[in-house]
Amino acid sequence: MPSNESKLTVVGAGLVGSLLSLYLARRGHTVEVLERRPDMRRETLDAGRSINLAISTRGLHALRQVGLEEEALKHAIPMRGRVIHPVKGELAFQPYGKDDSQHINSLSRGWLNKFLMTQAEATGRVSIRFRQRVTQADPAAGALTVLDEATGVTREVRDAVVFGTDGSGSAVRQALQSQTGSQADSQTLGHGYKELTIPPGEGGRFQMEKHALHIWPRGTYMLIALPNEDGSFTCTLFLPWEGPVSFASLHTPAALEAFFQEQFPDAKALIPGLVEEFFSRPTGQMVTVKCAPWHVGGSTLLLGDAAHAMVPFYGQGMNCGFEDCVVLDSLLERQTDWAAAFDAFERLRKTNADAIADMAVENFIEMRDSTADPRFLLEKGVEKVLLNAFPGEFVSRYSLVSFSRVPYRLAYGVGAIAGGIVSELARELKRPEDVDLDLAAKLIRGRLTPFMEEHADGFRLEG
């Protein structure tokens, strides 16, 4: 394990930075965390820029390693599937897993971030300094120039081991990019998002199904809603920036109300603050960041969104960042120096981060376009039949991403094979339960089993 005498600096006290500092402290290191924002435990920060968290197996495993899973789950609401809201007609429920034991969990981003900061400080080895802005960085030297925005005083951090966990707009990554040979690809989705609120009903009751992620899929745009502890739902409207139906087209209260009445009438009835929230809250943008390298020697390393920002449509941004902490921690157990650990970390994580980033964009298209399509619903039904009829043999991409710790790149490969099998079996079907199980067995054992056997080590990771 690297020396405990190293000066460790974590840039960013968000979810990943706070958890990482806790992992490092547990290894006996003293850690200084620099956070640009004020302390969210003492000041209310601007609302409207965070998409509710869906914590699943990977994130829960990371919390379990530091003894925090149980407390987090006390504040989480299990979501067993999607409830699809058509413009007219019946609601449709699409389960996430083979049964109710496989679910994702809605959790407040703000609550979790505050909890992790407090737990990190409670180790006695982590100090978090707020309103600290990194104005310059020399990744190769482990040097930072830091402005204290409260006092206006600038100071230098030198000879540190720097961990950049400062999000998709990372100052540490930008400094790393300026070094020779680095590459970065940042792609902004042509859609933005706006947060809205469905308040709790009388007595704190939930006004829609509590144990579900709600989706209003409308082709090029959609609305989603996740449940909160207090009985409310956080709704997120995803719209193109420009075009006939876009943020640009909804520029008056009358246009907004008419749009919601036409496209989301059941949601509109539950959002009393629609106009005020829409026009007062910021419109967030979503970006996919792929970059290389993630580290310079043993002096600087990127983790979380700073290394691999992704759009939120697989609910894996935080889960992937938390898994970064687990992987790095396991490497620090075995490696004798930072440079070796950082090099191994990037080799292990880069291909997986790229895979989940690509899957997240694909899932956006599925959520907004496909979830209301009868053929898609039939194939989802066939997938569920196969999951139950061939346990351990047939696996789906979604189940591997959300309910296992199998590397994302293998989940991506499984998805291509399993999706092809499901499409072939569903081609002439009217009902999922009529699927030909003999043909299914032949296809699974001919195509999927060889892939899983070839990558057997990766498929041994349990939840």
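## Rings and charges: a guided tour

Start by selecting Tyr398: its relative accessible area is 11%, so this residue counts as buried (buried means under 20%, exposed over 50% and partly exposed in between, using a 1.4 Å probe and protein chains only). You're looking at a predicted model, where local features need pLDDT of at least 70 and side-chain atom pairs count only at pLDDT 80 or more, while totals for chains, interfaces and linings use all residues. Residues are numbered from 1 along each chain as its sequence is written, and side-chain values use heavy atoms, with hydrogens and water left out.

**Stop 1: the rings**

How many aromatic pairs does a search of the whole structure find? The search turns up 20 aromatic pairs. (Rings of Phe, Tyr and Trp, the last by its six-membered ring, pair if their centres lie within 6.5 Å; planes under 30 degrees apart are stacked, over 60 edge-to-face, and the rest tilted.)

Now trace the chain between the two. Tyr96 sits in the loop between strand 6 (92-95) and strand 7 (104-107), while Tyr398 is in helix 13 (residues 397-403), so this pair links parts of the chain 302 residues apart. (Helices, H or I with at least four residues, and strands, E with at least two, are DSSP runs numbered from the N terminus.) Tyr96 is buried as well, at 10% relative accessible area.

Next, select Tyr193 and Phe238, a tilted pair with 6.3 Å between centres and 45° between planes. Tyr193 belongs to strand 13 (residues 183-198) and Phe238 to strand 16 (residues 233-240), so the pair ties together parts 45 residues apart in sequence. Buried or exposed? Tyr193 is buried at 7% relative accessibility, and Phe238 is buried at 0%.

**Stop 2: charges over rings**

Pick Arg58 and Tyr408: the charged end of Arg58 sits over the Tyr408 ring, 4.0 Å from its centre. (This takes NZ of Lys or CZ of Arg within 6 Å of the ring centre and within 35 degrees of the ring normal.) Then try Lys194, which lies over the face of Phe278 at 4.9 Å from the ring centre.

**Stop 3: around Phe130**

Head to strand 8 (residues 126-130), where you'll find Phe130. Phe130 is buried, with a relative accessibility of 17%. What does Phe130 touch? Leaving out residues up to four places away in sequence, it touches Glu35, Arg37, Pro38, Asp39, Arg41 and Met117 (contact means heavy atoms within 4.5 Å).

**Stop 4: salt bridges**

Side chains of opposite charge can pair when their charged atoms come close. A search of the whole structure finds 28 salt bridges (each a side-chain nitrogen of Lys or Arg within 4 Å of a carboxyl oxygen of Asp or Glu).

Select Glu32 and Arg129, whose side chains form a salt bridge at 3.4 Å, N to O. Glu32 is in strand 2 (residues 31-35) and Arg129 in strand 8, 97 residues apart. Glu32 is buried at 18% relative accessibility, whereas Arg129 is partly exposed at 31%.

Finally, show Arg349 and Glu323, bridged with their closest N and O atoms 2.9 Å apart. Arg349 is in helix 11 (residues 338-370) and Glu323 in helix 10 (residues 317-334), 26 residues apart. Both Arg349 and Glu323 are buried.
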